[in-house]
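I opened my notebook to get to know a structure that was new to me. Here is what I looked up, entry by entry.

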Amino acid sequence: MKASILIIISALWLSTITMCSVNDEHTVWVDPAYNATDDLQTIVVWFDDQYLEHEDSFLKKAEEFNDRKRGELRAEVMSALKALSNTSFDKVKNQLSTLEKAEQVLAVKQHWIINGFTCTVTTEGFNTIKTLEGVDKIFVKRPPSYTKSADMGPEFIESKPISRFDIESVESYPWNIKKIRAPEVWNEFGITGKGTLNVVHDSGFKLDVPALAETIYTNDGEIPGNGLDDDNNGFIDDYHGYNFDAGLANLNEPNIRRGTNIHGNMCAALISGTFETNTNQAVGIAPDSQWAPVIGSSNFEQAVEWAIEQGADTYSMSFSQPNLGEFRTHWRKVLEHGTLSGVVFISGAGNFASGASEAAIPVQMRTPEDVPNVVLGVAGVGEDGQRPVFSSQGPVEWNTDYYKEGTVAKPDFATLNFEIPCIDPEGNLANKANGNSLSSPHMAGIVSLMFSANPDLLPWQIKEILIETAEDIGDKGFDYQSGHGFVNAYDAVKAVLKR
């Protein structure tokens, strides 16, 4: 009898060991980009219990939520995402702490926008993480590459100036603001972007330029410059925005000069800029909106979480990341969750159709603009309505391990991208810039006006209206150069008001 019991116990023990082994080697999906070397590697881990469980879950959820108000849905989805994250992370945090003490795992960052965490690992740490309860997928992640410039600062504006903008005082505006029909929205509907927040994910920010200082966001939960995390969100002094790659609030470069990187300023001014310095020439599409700068190409999960918690309406991403491989899946899932949390994500289509940086279709459009359903990938035209040769074309391909649609129609829309009047470091309209970096903020400004007209609209309803009102400028119907067509603010806002 005793021998029989021992045999049964031994069998159960061996069965348990075998199940763990199967979980380690077969259940946990590992990014093919992972290379077991002695070097430290940065990874992002998914737990198995995700808010959107399957590759087609976003569209199903969007249909389910279609009668909801955006603010209420944001709170509900954010709460559900955080609850999932805490439940899964609490089960493994003690083991992760032990691994950190053994220096097998470093810099653990819990995420709630995705149910998982980021960390840097040794090979031993990686192998142990594979055995943790609930671990489902492991992606290889690019480490942060941003470093803080020696002459950056101060991190906040000592005294935020009062906005000079009002409709009656506008004396002129550049051709792109007219072509996008923003002044018609201001004058006929009295809608100027008030009540909306536009996050600009970029670099090259000089915060004291009048056109931008007047509309920059201020986080009321934070006391600027005191070195404390006053609102207990994990980020110290995030008063205007945050540099998530450097782990600092400081992203202000006051000594930027002509000819250097003012990319972030140019994009922000197209969305939320007031007047050119010392003039009454309007420079932004939604001049009564607010904008917030963020840096965070590697730690983009934190940037998106921050934007949602601050109440962002749009999130403009004028950058392109090639060759992400399976990591594209992670980007897409994060942005799907972010869209259900009420944010419209927008990205320029890229500038890879000609020249030294020319890429073949279907990779002319890269991440994040290649993400379907939840990122408005925006190409553009010049003042003459013609597409510049550099403007990236679709379609794109989705054949990752998780998302398998194959050919996906992109870009989604067109705005403006050629010889755009942009502010210089002093806030004067002295630059004429080219590129789809500028098509994204044009769209963000239009969406900001739409949300100002009706803040309850859901992100996918915004896209529906843009499709309905876009002007066909290429081949009849959808085409791979201009998507559904050229978007203007007047027709889009008018359609919002009719709803």
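This is a predicted model: local features need pLDDT of at least 70, side-chain atom pairs count only at pLDDT 80 or more; totals for chains, interfaces and linings use all residues.

**Entry 1: the seven-stranded sheet.** I began with an open sheet of seven strands, in the order β7-β8-β6-β9-β10-β11-β14, and its pairing is parallel. Next I looked up how β14 is held by its partner: strand β11 (residues 375–381) pairs with β14 in the parallel sense over four bridges. One pair I noted is Ala379, which stands opposite Ala414 in β14.

**Entry 2: helices on that sheet.** Which strands does α12 lie across? I listed β6 (197–201), β9 (314–317), β10 (344–348), β11 and β14. The helix runs at about 155 degrees to β10. Helix α13 (residues 459–469) lies across β10, β11 and β14, and its angle to β14 is about 75 degrees.

**Entry 3: α9 against α12.** I remembered that two packed helices are described by the angle between their axes and the distance between the axes. For helix α9 (residues 263–272) and helix α12 (residues 439–453), the axes come within 8 Å and cross at roughly 25 degrees. Angles under 35 degrees count as roughly parallel, and α9 and α12 are therefore roughly parallel to each other. The crossing of α9 past α12 is right-handed. I wrote down who makes the contact: Cys267, Leu270 and Ile271 from α9, with Pro441, His442, Ala444 and Gly445 from α12. Sorting the residues of this contact gave me five nonpolar, two polar and no charged.

How many of the 10 residues of α9 are buried? The count is nine, which leaves α9 mostly covered. Among the buried ones are Cys267, Leu270 and Ile271, the three that α9 brings to the contact with α12. Gly264, Asn265 and Met266 are also on the buried list.

**Entry 4: α13 against α14.** α13 and helix α14 (residues 489–498) pack at an angle of about 125 degrees, with their axes 9 Å apart. That makes α13 oblique to α14. α13 passes α14 in a right-handed crossing. On the α13 side I found Ile465, Leu466 and Thr469, which meet Asp491, Ala492, Ala495 and Val496 in α14. The residues of this contact divide into five nonpolar, one polar and one charged.

**Entry 5: the five-stranded sheet.** I then turned to another open sheet, where five strands follow the order β1-β5-β2-β4-β3 with mixed pairing. Its edge strands are β1 (29–30) and β3 (105–111), each pairing on one side only. β3 is joined by five bridges to strand β4 (residues 116–121), and the two run antiparallel. I found Val105 opposite Val121 in β4. Helix α11 (residues 327–340) lies across β2 (41–47) and β5 (135–140), running at about 50 degrees to β2.

**Entry 6: Gln41.** Is Gln41 buried or exposed? At 14% relative accessibility, Gln41 counts as buried, since the cut-off for buried is under 20%. Thr120 is 79 residues away along the chain, yet the C-alpha atoms of Gln41 and Thr120 are separated by 5.4 Å. Leaving aside neighbours within four places in sequence, Gln41 touches Tyr34, Asn35, Ala36, Cys119, Thr120 and Val121.

Entry 7: Most residues other than glycine have a negative phi, and most peptide bonds are trans. I went looking for exceptions. A cis peptide bond joins Thr367 and Pro368, with omega about 15 degrees; Pro368 is in the loop between β10 and β11. Another cis peptide bond joins Lys410 and Pro411, with omega about -5 degrees. Pro411 sits in the loop between β13 (406–408) and β14.

Asn373 is not a glycine, but has a positive phi of about 75 degrees. Asn373 belongs to the loop between β10 and β11 and is partly exposed, with a relative accessible area of 29%. Glu103, also not a glycine, has a positive phi of about 60 degrees. I found Glu103 in the loop between α4 (93–101) and β3, and at 57% relative accessibility Glu103 counts as exposed.

Terms used
Residues are numbered from 1 along each chain as its sequence is written. Side-chain values use heavy atoms; hydrogens and water are left out. Axes are lines fitted to C-alpha atoms, for helices over the stretch in contact, and angles run from 0 to 180 degrees between N-to-C directions. Angles under 35 degrees count as roughly parallel, over 145 as roughly antiparallel, 65 to 115 as roughly perpendicular and the rest as oblique. A crossing is left-handed if the near helix is turned anticlockwise from the far one by less than a right angle, and right-handed if clockwise. Contact means heavy atoms within 4.5 Å. Ala, Val, Leu, Ile, Met, Phe, Trp, Tyr, Cys and Pro count as nonpolar, Asp, Glu, Lys and Arg as charged, and the others, Gly among them, as polar. Two strands pair if DSSP finds at least two bridges between them. Buried means under 20% relative accessible area, exposed over 50%, partly exposed in between (1.4 Å probe, protein chains only).
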